[in-house]
Amino acid sequence: MKIEIRPVERSEAVEYLKVLPYANGLPNWEPAPASWHGGPEAWPPPRTPATEQQLEAWADEVMADGFHPQAAFVDGKLVGGSAMLSLAITVPGPRAVPFGGVTATGVIATHRRRGLLRGMMQAMFDEALERGEPLAALSASEGGIYGRFGFSPATMRARWELDRNDARFINCEPSVGSLELVGAAVARQAWPLIHQQIRQRQIGELAPDPDRWDGLSDEAAGTDGPMRYLVHRDADGNLDGVANFRLPWSPLPEHTGALVVEGLLALTQDAYRAMWMLLTDFDLTRKIVAPNRPIDEPLRWMLRNPRAMRITRQSDNLWLRILDLPAALTARAYDTTAELTFAIEDDSMCPHNVGAWRLAVSPKEATCTRMDVRPDLTMDIQSLSSLYLGGMSAAVLAGAGRIRPHRLGAVKDTARVFRVDPEPFNTFGF
Ligand SMILES: CC(=O)SCCNC(=O)CCNC(=O)[C@H](O)C(C)(C)COP(=O)(O)OP(=O)(O)OC[C@H]1O[C@@H](n2cnc3c(N)ncnc32)[C@H](O)[C@@H]1OP(=O)(O)O
């Protein structure tokens, strides 16, 4: 059996697409408990294979700038594919840092568990490092696969529910701006405009693809009905909030009357409050469901009864992988002045990260250099990747034995250096 891992050429792009589950109408995602989404069903797969015409159109996208596909060939036959997108993520500073986003991944069922994904992943890591991308990231289809490649959760998300009768606000003052229900054409303009400003301050947000919001439409989607769009304008008429919601129909009594908020971004507290006040008191609905929200949603603190907002699922969102340790750690900023010393003990896919490091930070600058004395703590590259955006607790990782301190106070110092507030969050994946 001869295995070859290499980038795809245009003449092979359709074959590459044909190994991907979604192009075959196969499941692309772990079957989530129904509670993850608004309705009674987990997100269904496309169910039917892509047509030759669709594959030809997608093949051009495979060769586009910024999309870096790799394929695995066994005895000359293309049996696996994966790709990295060159994107940017907002890290503490806030600053935009380039990263390689792993996407469009699959190996055909007859050729799995033979190391083909590992081979493609290594090739993609090496290429990302050559392009100067110090980080890789992904959304994991299954939680048990990607840790072995050095990825670890760096942002989280929550699904919550709130009964309409319990949605009583502490401050009910009317907004100084105005709300308007709009069509998809206005929403397609509002989302990029507002997201672009949010991305400049929200740690974890990603630069969108140019066509990210093209799919917003007024057409009905099965039993979900059409998506509805709400915008908020400030007192001068400038857009400062946007939300997408739907009112799905369900045959199950426990799911009827839900208003599902698929996305909501606000630039001001006034816009945030005004949009939630309308969405949580929509006539002829019973409860509000928000399936993809930050775990530190301010709405809870606006309610007279904060317990009424029930988190019904909390899960990992973006998984991060530090590829180039000193470049990554000096690309973000730090609020404090401190010196941390730590060792990374094992990183077979990026061996240049292994060893002892000294990270010296201040609000003005950060340096990260090798050292040869005993460091204050030892950790794996996954733990450092989870700490990087500032959303994970060093104490929890130490409690799990993933960070091993060699000095009293070393874990507390690590937490102080990396932690950010509010929690990192990304509104969408890739
Ligand atoms: C980021 C995204 O794109 S998410 C989409 C990912 N795609 C899918 O989930 C589609 C269905 N699955 C597949 O096509 C394949 O199983 C893939 C792509 C996930 C893995 O491809 P493979 O070539 O089988 O992986 P490979 O053999 O390199 O596995 C490397 C390691 O991961 C393990 N592994 C692979 N898949 C899984 C899995 N589904 N669950 C648990 N472990 C797994 C292997 O056992 C192996 O372990 P080892 O390092 O201890 O030897």
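Leaving aside neighbours within four places in sequence, which residues is Tyr-146 in contact with? They are Leu-138, Ala-140, Phe-151 and Trp-319. The model described here is predicted.

## Active-site positions

An unreviewed UniProt entry lists Tyr-146 and Phe-430 under "active site". Tyr-146 sits in the loop between strand E5 (135-138) and strand E6 (152-153). Tyr-146 counts as buried because it has 23 C-beta neighbours inside 10 Å, and the cut-off for buried is 20 or more.

Phe-430 is found in the segment after helix H9 (410-418). This residue has 18 C-beta neighbours inside 10 Å, so Phe-430 counts as partly exposed. Leaving aside neighbours within four places in sequence, Phe-430 is in contact with Leu-85, Leu-87, Gly-101, Thr-103 and Leu-206.

## Binding-site positions

Under "binding site", the unreviewed UniProt entry lists Arg-113, Arg-114, Gly-115, Leu-116, Leu-117, Arg-118, Ser-141 and Glu-142. Arg-114 lies in the loop between E4 and H3. It has 15 other C-beta atoms within 10 Å, so Arg-114 is partly exposed.

Ser-141 is in the loop between E5 and E6. Ser-141 is partly exposed because 14 other C-beta atoms lie within 10 Å. Not counting residues up to four places away in sequence, Ser-141 touches Asn-28, Trp-29 and Glu-30.

## Domains and cores

The protein is divided into domain 1 (3-133), domain 2 (158-315) and domain 3 (325-418). The C-alpha centres of domain 2 and domain 3 are 37 Å apart.

The largest nonpolar core has 72 residues. Those with the most contacts inside it are Leu-135, Ala-136, Ala-137, Trp-319, Leu-320, Ile-322 and Tyr-388. H3 gives the most to this core, with seven residues. Domain 1 and domain 3 each supply at least three residues to this core. Ala-136 is in contact with Phe-99, Gly-100, Val-102, Phe-125, Ala-128, Arg-321 and Leu-323, leaving aside neighbours within four places in sequence. A second, separate core has 35 residues, including Ala-187, Ala-190, Ala-243 and Met-309.

Helix H5 spans residues 269-279. Its residues Ala-271, Tyr-272, Arg-273, Ala-274, Met-275, Trp-276 and Leu-279 are buried. What covers the buried residues of H5 includes strand E8 (178-182), strand E9 (228-233), strand E10 (239-246), strand E11 (258-266) and strand E12 (287-293).

Helix H4 covers residues 184-199, and Gln-196 lies in it. Is Gln-196 buried or exposed? Gln-196 counts as exposed, because it has 12 C-beta neighbours inside 10 Å, and the cut-off for exposed is 12 or fewer. Gln-196 and Asn-317 are 121 residues apart in sequence. In space they are 20 Å apart, C-alpha to C-alpha.

Conventions. Residues are numbered from 1 along each chain as its sequence is written. This is a predicted model: local features need pLDDT of at least 70, side-chain atom pairs count only at pLDDT 80 or more; totals for chains, interfaces and linings use all residues. Helices (H or I, at least four residues) and strands (E, at least two) are DSSP runs, numbered from the N terminus. Two residues are in contact if their C-beta atoms, placed from the backbone, lie within 7 Å. UniProt positions are given in the numbering used here, feature names are shortened, and annotations may be inferred rather than shown by experiment. A nonpolar core is a set of buried Ala, Val, Leu, Ile, Met, Phe, Trp, Tyr and Cys residues joined through C-beta atoms within 7 Å. Domain bounds come from an automatic or database domain assignment.
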